[in-house]
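Hi,

Here is the structure I promised to pass on. Have a look at it first, and my notes on what turned up follow below.

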Amino acid sequence: MGNIAERLAQLGIVLPDPAIPSANYVPTRRVGTCLYVAGQVPTRDGQDQFTGKLGDTVSLAEGQAAARLCAINLLAQLSKALGGDLDRVAGVVRLGGFVNAVPEFGDHPKVINGASDLMVEVFGDAGRHVRIAVGSSSLPRNVPVEVEGLFEIQRM
């Protein structure tokens with residue numbers, strides 16, 4: 001068991017089976033030493049765990065929890081692409097966060113911190129990344145958050 005697997009266990013995180021794409025795209029794509037992971041939503045066991053809009057039916061704390069679950073699902077896709085060896089991750093380069101929110105909502109960065117904080121908890125300083133946190137008028141199945149990621153990989 002590698003360092004990242006041990007860290008996940010310490011955090012009480014069991015990676016789920018990665019979701020199968022629901023449209024015409026692939027879940028991951030390698031370009032050189034970078035691995036792109038398609039947007040992940042807050043699902044567990046095939047069921048959406050959160051629905052609704054921030055600033056309406058979803059609280060900031062729920063939005064952060066949804067973003068954290070999106071990040072866990074990113075790690076699941078990443079793990080599958082790397083044959084289960086997350087120790088091959090040299091760093092988290094970028095996260096893109098999309099927040100389903102009412103027009104008046106302005107705490108998009110605080111919501112996406114749920115995903116960003118998890119990356120730092122899991123990868124330490126290598127988990128620090130650039131990111132974007134934007135508002136959206138809707139997301140698939142009315143989930144409140146979607147997060148995509150770009151990771152630098154060693155030994156591809």
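To start with burial, 42% of the 156 residues in the chain are buried, where buried means under 20% relative accessible area, exposed means over 50%, and partly exposed is in between (1.4 Å probe, protein chains only). Before you dig in: this is a predicted model, so local features need pLDDT of at least 70 and side-chain atom pairs count only at pLDDT 80 or more, while totals for chains, interfaces and linings use all residues. Residues are numbered from 1 along each chain as its sequence is written, and side-chain values use heavy atoms, with hydrogens and water left out.

**Overall layout**

The chain has 3 helices and 7 strands; these are DSSP runs numbered from the N terminus, with helices being H or I of at least four residues and strands being E of at least two. Read from the N terminus, the order is α-β-β-β-β-α-β-α-β-β. The radius of gyration is 15 Å, close to the 15 Å that the globule rule gives for 156 residues, so the chain is as compact as a globular protein of that length. For that, the radius is taken over C-alpha atoms, and the rule is 2.2 Å times the number of residues to the power 0.38. Along the principal axes, the C-alpha atoms fill a box of roughly 45 × 35 × 25 Å.

The accessible surface is about 7900 Å², and 49% of it belongs to carbon and sulfur atoms. Those areas come from the Shrake-Rupley method with a 1.4 Å probe; for residues, only the protein chains shown count as cover. As for contacts (heavy atoms within 4.5 Å), take those with a separation of 6 or more: residues 24 or more positions apart account for 80% of them.

**The sheet**

5 strands form an open sheet in the order S1-S2-S7-S5-S6, with mixed pairing. Two strands count as paired if DSSP finds at least two bridges between them. S1 and S6 are the edge strands, each pairing on one side only. On average, neighbouring strands are turned by 15° against each other, direction ignored.

H2 packs on this sheet and touches S1, S2, S5 and S7, its direction making about 40° with that of S7. H3 packs on the sheet as well, touching S5, S6 and S7, and its direction makes about 160° with that of S5. Those axes are lines fitted to C-alpha atoms, for helices over the stretch in contact, and the angles run from 0 to 180 degrees between N-to-C directions.

Going strand by strand, S1 (residues 28–31) and S2 (residues 34–40) run antiparallel and are joined by 4 bridges. They make a hairpin with 2 residues between them, and Gly 32 in the turn has a positive phi of about 60°. Thr 28 stands opposite Val 37, and Arg 29 has Tyr 36 as its bridge partner.

S7 is mostly covered, with 7 of its 9 residues buried.

**The core**

The largest nonpolar core has 37 residues, and Leu 78 and Met 119 touch the most other members. Such a core is a set of buried Ala, Val, Leu, Ile, Met, Phe, Trp, Tyr and Cys residues joined through side-chain atoms within 4.5 Å. The elements giving two or more residues to the core are H1 (3–10), S2, H2 (60–81), S5 (89–100), H3 (108–123) and S7. H2 gives the most, with 9 residues. Leaving out residues up to four places away in sequence, Leu 78 touches Leu 35, Val 37, Leu 86, Val 89, Phe 151 and Ile 153.

His 108 lies in H3 and is buried, with a relative accessible area of 13%. Beyond residues up to four places away in sequence, His 108 touches Val 99, Ala 101, Ala 133, Val 134 and Gly 135.

Leu 139 sits in the loop between S6 (130–136) and S7 (145–153). Is Leu 139 buried or exposed? Leu 139 is buried, at a relative accessible area of 13%. Apart from neighbours within four places in sequence, Leu 139 is in contact with Phe 98, Val 99, Asn 100, Pro 144, Val 145 and Glu 146.

Cheers
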